[in-house]
Amino acid sequence: MCGQGVFISASFFNHSCRPNCSFALDSHGFLEMRAMRPVSSGELLTISYVPLDGAQSAEERREGLRRDFFFSCCCEACQEECGD
């Protein structure tokens, strides 16, 4: 099944190219968010807005995020990879 949905709570998650959370639809069509590692109290919960399969460089990810989501990624992963 392929489609789109509006998930208001998920819209509060910021992007990171090194996210601490992931998401998936459950069998009932609800969006399920899961921490991918222990998260410290007060730490921002993040997801990736782009596939992180290793096929894209930081510059390619940044360009896609600028084009599709209208922001310049300055996450820790991009800063390390691009030498910012």
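1. The side chain of Arg62 makes a polar contact with the backbone oxygen of Cys73, at 2.9 Å. Arg62 and Cys73 are eleven residues apart along the chain, and their C-alpha atoms are separated by 5.6 Å. The model in which these values are computed is a predicted one.

2. Arg62 is part of helix H1. Is this residue buried or exposed? Arg62 counts as buried because its relative accessibility is 8%, and buried means under 20%.

3. Ser48 lies in a loop, between strand S4 (46-47) and helix H1 (58-69). Ser48 also counts as buried, because its relative accessibility is 13%.

4. Which residues does Ser48 contact, leaving aside its neighbours within four places in sequence? They are His15, Ser16, Pro19 and Phe23.

5. The C-alpha trace spans about 45 × 35 × 20 Å along its principal axes.

6. Of the 84 residues in the chain, 25% are buried. The accessible surface comes to about 6300 Å², and carbon and sulfur atoms account for 55% of that surface. Among contacts between residues at least 6 apart in sequence, 47% join residues at least 24 apart.

7. The chain carries 7 positive and 12 negative side chains. The centres of these two sets lie 1 Å apart.

Notes:
Residues numbered from 1 in each chain as written. Predicted model: local features only at pLDDT ≥ 70, side-chain atom pairs only at ≥ 80, totals over all residues. Heavy atoms only, no water. Helix = DSSP H or I, 4+ residues; strand = E, 2+ residues; numbered from the N terminus. Buried < 20%, exposed > 50% of the residue type's maximum accessible area, 1.4 Å probe, protein only. Contact = heavy atoms within 4.5 Å. Polar contact = N/O pair within 3.5 Å; in protein donor to acceptor, adjacent residues only side chain to side chain. Areas by Shrake-Rupley, 256 points an atom, 1.4 Å probe, with all protein chains shown as cover. Lys, Arg positive; Asp, Glu negative; His and termini not counted. Charge placed at Lys NZ, Arg CZ, Asp CG, Glu CD.
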